[in-house]
Amino acid sequence: DVRVLANRMLEDGTVLIEVESTLRTTRCHRCGREIDRFHGFDRPIRLRHLPVFGRQVVVEIRPKRYRCPYCEEGPTTTQRCVWYDPNRPHTTAFEQDVLKRLIHGTVADVSRQLHLGVKAVEGLLDARLAPAVDWTTFAALETLGIDEVALLKGHGHYVAVVWARDADGQNHVLAVLPDRLRATVEAFLETIPDALKATVRRVCMDMWEGYASAVAAALPNAQIVVDRFHVAVHYREAVDTLRQAECRRLNAGRSPERAVPTAALRPLLRREWRSLNPDQQGRLVELFELTPTLASAYVLRTLLTAIFDHTPDRATAQSRLQLWVEQVAASGLSCFDQFINTLHHWQDGILNYFEGGHTSGFVEGLNNKLKLLKRRCFGLDDPVELFRRLWLDIEGPRLWA
C-alpha cells in the first residue's frame with residue numbers, strides 16, 4: 001500500500017527512501033466511518049527499516065490527512081498504515097527482525113548488530129511482548145507442569161515455572177512466578193479461565209506439598225501426576241546411602257592395599273545390571289559376596305525400576321508396589337523405610353503415572369531453556385522479563401519459521 005517516490009544516500013551512509021501511501025481512504029477517529037475527502041499531508045516522519053546490503057535504511061513518509069464530512073466541524077484524521085505504528089520510530093518489519101534476533105540471543109548482542117541502543121531494544125520488548133500469558137490463544141491445555149528453578153548460585157531465589165503441553169505435543173510457557181509458595185501458585189492457577197480449566201486433565205510435578213495443595217484447590221478435577229524420575233531419586237538414594245555404610249564397614253579393618261575400591265564401584269552400582277559388561281558384573285558379584293545386605297537392596301531397587309518400566313495399568317501397579325513393600329519387609333532392610341513412607345504419602349500421585357505414562361520430562365527439558373537463558377543473560381532475574389524471553393525462545397520459531 002505504498003509507492004516509492006525517491007531514494008538517496010545520506011551523509012552518514014544511511015539509505016533514505018521516500019514513500020507515499022497509495023490508500024485513498026481512512027476511518028474518522030471520531031465517528032469511525034470510512035472517509036475519502038483528502039485534506040493534505042501531515043509532517044514527514046522517518047522510520048528505521050530493515051537494512052540493505054549492510055547499510056541502515058530509513059523510510060520517510062508524509063501521512064495523508066482526510067476530513068470527515070459526517071461529523072460536526074469536519075475534524076481531520078491522519079491515515080494509518082499497517083506497516084508502522086505512528087507512535088514508534090521503527091517499521092513493523094524492523095521490530096519483528098529485532099525480535100527474531102533476540103531468539104536465543106541477548107539484548108547486548110542485538111544492540112551491537114543493529115547499532116541500536118540497549119534501551120531501544122528493551123523498549124521494543126516491552127511494547128511487542130505481553131508481560132503475561134494470553135489465554136485467548138489456547139483452545140485446550142491438556143497437561144500442565146510445575147517446577148522450580150534457582151536463579152542464584154547455591155540454590156537461592158527460587159522461581160516457579162508453569163508449563164503446558166497441548167494435545168498436539170506443543171509446549172508453552174504459562175508463567176514465571178516470583179516464588180514457589182502455595183499461595184502464589186494457587187493464585188496463578190485461579191486466573192485460568194473456567195473454560196480452559198475444564199480442559200486440564202493432569203498436572204505433572206515433583207513431590208512438593210505446596211504445588212499439590214495449590215492444584216487440589218484450583219484444579220480439583222485434574223490428576224496430580226508425580227514424576228517417576230523424582231520417585232527414582234528417592235529409592236536410588238536409599239541404596240546409595242546403604243552402599244556408603246557397607247563400604248565403610250568393610251574397609252574399617254582393612255589396610256589401604258586390601259580396601260574395597262569404593263570409588264570404582266560407585267558408578268557400577270548406580271547403573272542397571274543389564275547395562276554392565278561381564279567384567280563389570282563380575283566385580284559387583286565379588287562385592288555382593290562380601291555384603292549380602294547390599295546385594296538384596298540392589299535387587300529390590302532393580303525390581304522397583306522394572307515395575308515402573310513394564311506395568312501396564314494403575315491397578316496392576318498398585319498390587320505390584322504392595323508386593324514390593326512386603327518383599328522389603330521380609331528382607332529385613334531398613335534403608336527403604338523413609339522411601340516407603342514417601343510412597344504411602346504420595347500414593348495417588350505416583351499411581352497416576354501408570355495411566356498413560358506421563359512424566360515431567362517435558363518440564364525438565366524446558367527448564368533447561370530457562371537455565372540457559374539465565375546463563376546467557378547474566379543478571380536477568382525479573383520474573384516478567386524471564387517470561388517474555390522464554391515466550392520468545394519457545395513461540396518465536398513457530399511464529400517466524
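This is a predicted model: local features need pLDDT of at least 70, side-chain atom pairs count only at pLDDT 80 or more; totals for chains, interfaces and linings use all residues.

Residues are numbered from 1 along each chain as its sequence is written, and side-chain values use heavy atoms, with hydrogens and water left out.

Q: How are helix 1 and helix 3 set relative to each other?
A: Take helix 1 (residues 92-102) and helix 3 (residues 118-128): their axes come within 11 Å and cross at roughly 100 degrees. Axes here are lines fitted to C-alpha atoms, for helices over the stretch in contact, and angles run from 0 to 180 degrees between N-to-C directions. Angles of 65 to 115 degrees count as roughly perpendicular. So helix 1 and helix 3 are roughly perpendicular.

Q: Which residues of helix 3 make the contact with helix 1?
A: Contact means heavy atoms within 4.5 Å. Helix 1 brings Thr92, Glu95, Val98, Leu99 and Leu102, and from helix 3 come Val121, Leu124, Leu125 and Arg128.

Q: Which element gives the most to the lining of the largest pocket?
A: The largest pocket holds about 380 Å³ of space, and of its 19 lining residues the closest to the centre are Asp134, Thr137, Phe138, Trp391 and Glu395. (A pocket is an open set of points on a 1 Å grid over the protein atoms alone, where a 1.4 Å probe fits, with protein on both sides within 12 Å along at least five of seven lines; lining residues have an atom within 4 Å of a point.) Strand 12 (171-177) and helix 15 (383-399) each supply at least two lining residues. The top contributor, with five residues, is helix 15.

Q: Which elements give two or more residues to the lining of the second largest pocket?
A: This pocket has about 240 Å³ of space. Its lining is Leu151, Leu152, Lys153, Lys374, Arg375, Phe378, Gly379, Leu380 and Asp381. Elements are DSSP runs numbered from the N terminus, with helices (H or I) of at least four residues and strands (E) of at least two. Those giving two or more are strand 10 (142-152) and helix 14 (361-376).

Key:
Angles under 35 degrees count as roughly parallel, over 145 as roughly antiparallel, 65 to 115 as roughly perpendicular and the rest as oblique. Grid points are joined across faces, edges and corners, and a volume is the space filled by probe spheres set on the points.
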